[in-house]
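Trainee: I am new to this structure. Please pick one part, look at it closely, and then lead me on from there.

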Amino acid sequence: MPTFRASLLALLFAAAVPPPPCARLPLPSAFRMANEAAWIVEGVPGADGTVVVTADHFVGPGVATDRTIRVTSLGTMPLVPFSFGLDEAPPIQPDTVLLFLGRSPVGGEWEPLHLHGGRARGVVWFVRDRVYGYEQPINPGPYELEQWSELASAAGADARPSTPADLRREVAAGLAARAKWEATLRIEAPAERAAALANWFGASSPDGPFWVERIWPDLRAEATRLGRAVGEPFARKLAAADDDMEVYALASVLKEVAAPAAVPVAVARLRDRRGVRPIHFVEILAAQADASAIDVLREVVDADPPVVAAAAARALRGCGDPTAADRIAARVPDRHEEAASVDDLAALLDGLHDLDADRALALAHARFAAVAPLWAARSWLARARPR
């Protein structure tokens with residue numbers, strides 16, 4: 001079963017249109033779907049997709065709470081657990097179904113969230129004290145029915161099989177966070193709303209360990225709408241962050257908005273990394289192109305691993321430092337054996353190529369003409385492959 005952070009990969013690809021055949025299908029938690037659904041109901045499944053509703057967990061504005069509903073796709077969803085090619089298990093016999101519903105974009109009927117190929121993540125079956133749902137065990141591949149496991153927490157706890165009580169608690173927690181999120185969006189003053197928005201990043205978020213599932217689209221979309229107003233509160237949050245995912249999420253916003261306040265923070269964090277990847281701070285400085293970052297970027301080019309050094313060299317040039325090409329060229333070894341890998345060598349040459357293409361090609365031909373894998377590592381190298 002997937003870990004909590006694996007769900008982030010699914011979230012990146014979640015969209016209103018069906019994903020391409022080889023895309024990772026969405027894998028939101030019940031907590032997240034409680035933040036997305038227009039109607040969350042629990043009931044007794046019948047024939048042809050009918051459900052006799054026994055509980056409304058959430059009713060959105062304008063929703064008529066009929067006691068018997070029909071969800072067309074539900075009647076054809078497979079009830080045989082996926083067996084990875086082993087002996088087929090008998091079909092489950094659910095006594096209850098939990099549905100996270102939205103309106104179909106075609107026709108407006110109720111349909112479960114994340115419906116792909118006739119199966120949906122927004123359908124959860126209860127079989128006495130067991131829970132089953134749909135996820136994608138093989139990529140490419142469709143959703144398959146598997147026993148639902150509690151997603152591991154940010155602390156790294158192992159996933160364990162969920163019970164109906166677990167799911168109901170998770171839905172309640174998701175709905176509580178939903179109410180707090182909606183309250184955040186109602187704050188009228190942009191500066192105050194930006195400060196409140198910063199609190200949704202990291203494990204201290206009202207979302208708790210599920211916070212990464214709000215990055216796309218909620219946090220990014222709202223931060224983009226606020227623009228420069230998020231600069232100072234997000235920079236303060238970045239200064240204190242010591243989780244790589246939190247730093248990445250904050251940096252991805254700060255590099256897109258005009259946020260001068262992020263520059264001194266990124267400079268300081270390149271000297272106080274606290275276990276997080278330096279590339280996040282380099283990207284902020286590349287976007288800001290502030291000359292005050294030159295000294296620290298020189299240090300990164302001179303000493304960091306090749307991929308980070310190459311990115312820092314590009315940022316250094318953007319900041320107006322004429323030594324950027326010389327510094328990254330000095331990192332290119334005389335012989336390919338001196339590089340840790342062909343990938344590292346390609347990264348250094350790639351960084352130089354973006355600053356001085358002729359020089360990068362000359363170095364590649366002079367020092368590495370016989371290193372066949374290198375010439376396939378980048379498109380510009382492939383075009384210049386020695387004959």
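Mentor: Start at Arg119. Leaving out residues up to four places away in sequence, Arg119 touches Met77, Pro78, His114, Tyr134, Pro142, Tyr143 and Glu144. This is a predicted model. Arg119 sits in strand 7, which covers residues 119-120. Look at Tyr143 among those partners. The backbone oxygen of Tyr143 is 2.7 Å from a polar atom of the Arg119 side chain.

Stay in that region for a moment. Tyr134, which Arg119 touches, falls in strand 9 (130-135), and Glu144 opens strand 10 (144-147). The loop between strand 9 and strand 10 holds Pro140. The bond from Asn139 to Pro140 is a cis peptide bond. Its omega is about 5°.

Trp216 and Pro217 are joined by a cis peptide bond, with omega near 0°. Pro217 is in helix 5. That helix spans 215-226. Its buried residues are Ile215, Trp216, Asp218, Leu219, Arg220, Glu222, Ala223 and Leu226. Just after helix 5 comes Gly227, with a positive phi of about 65°.

Helix 4 covers residues 190-198, and its buried residues are Arg193, Ala194, Ala196, Leu197 and Ala198. What lies over them? The cover includes helix 3 (164-185), helix 5 and helix 6 (231-240).

One is Asp48, at about 55°. Asp48 lies in the loop between strand 1 (39-45) and strand 2 (50-59). Asp48 counts as exposed because its relative accessibility is 56%, and the cut-off for exposed is over 50%. The other is Arg274, with a phi of about 50°. Its place is the loop between helix 8 (262-269) and helix 9 (279-288). Arg274 has a relative accessible area of 35%, so it is partly exposed.

The axes of helix 8 and helix 9 come within 9 Å and cross at roughly 145°. The crossing is left-handed. On the helix 8 side, Ala262, Val263, Ala266, Val267 and Arg269 take part. They meet Phe281, Ile284, Leu285 and Gln288 of helix 9.

Helix 9 also carries Val282. Is Val282 buried or exposed? It is buried, because its relative accessibility is 1%, against a cut-off of under 20%. Setting aside neighbours within four places in sequence, Val282 contacts Leu270, Leu297, Val300, Val308, Ala311, Ala312 and Ala315. Val282 and Ala313 are 31 residues apart in sequence, yet their C-alpha atoms are 9.5 Å apart.

Several of those partners belong to another helix pair. Leu297 and Val300 are in helix 10, while Val308, Ala312 and Ala315 are in helix 11. Helix 10 (294-303) and helix 11 (306-318) pack at about 150°, with axes 8 Å apart. So helix 10 runs roughly antiparallel to helix 11. Helix 10 passes helix 11 in a left-handed crossing. Ile294, Leu297, Arg298, Val300 and Val301 form the helix 10 side. They meet Val308, Ala309, Ala312, Ala313, Ala315 and Leu316 of helix 11.

Val282 and Leu297 return in the nonpolar core. The largest core has 75 residues. Those with the most contacts inside it are Phe234, Val282, Leu285, Leu297, Leu349 and Leu374. A second, separate core has 23 residues, among them Trp39, Val53, Val97 and Val127.

Last, step back to the whole protein. It has 16 helices and 12 strands. Its C-alpha atoms fill a box of roughly 75 × 55 × 40 Å along the principal axes. Of the 387 residues, 50% are buried. Among contacts with a separation of 6 or more, 60% join residues 24 or more positions apart.

Note on methods:
Residues numbered from 1 in each chain as written. Predicted model: local features only at pLDDT ≥ 70, side-chain atom pairs only at ≥ 80, totals over all residues. Heavy atoms only, no water. Helix = DSSP H or I, 4+ residues; strand = E, 2+ residues; numbered from the N terminus. Polar contact = N/O pair within 3.5 Å; in protein donor to acceptor, adjacent residues only side chain to side chain. Contact = heavy atoms within 4.5 Å. Core = buried A, V, L, I, M, F, W, Y, C linked by side-chain atoms within 4.5 Å. Buried < 20%, exposed > 50% of the residue type's maximum accessible area, 1.4 Å probe, protein only. Axes fitted to C-alpha atoms, helices over the stretch in contact; angles between N-to-C directions. Parallel < 35°, antiparallel > 145°, perpendicular 65-115°, else oblique. Left-handed = near helix turned anticlockwise from the far one by under 90°.
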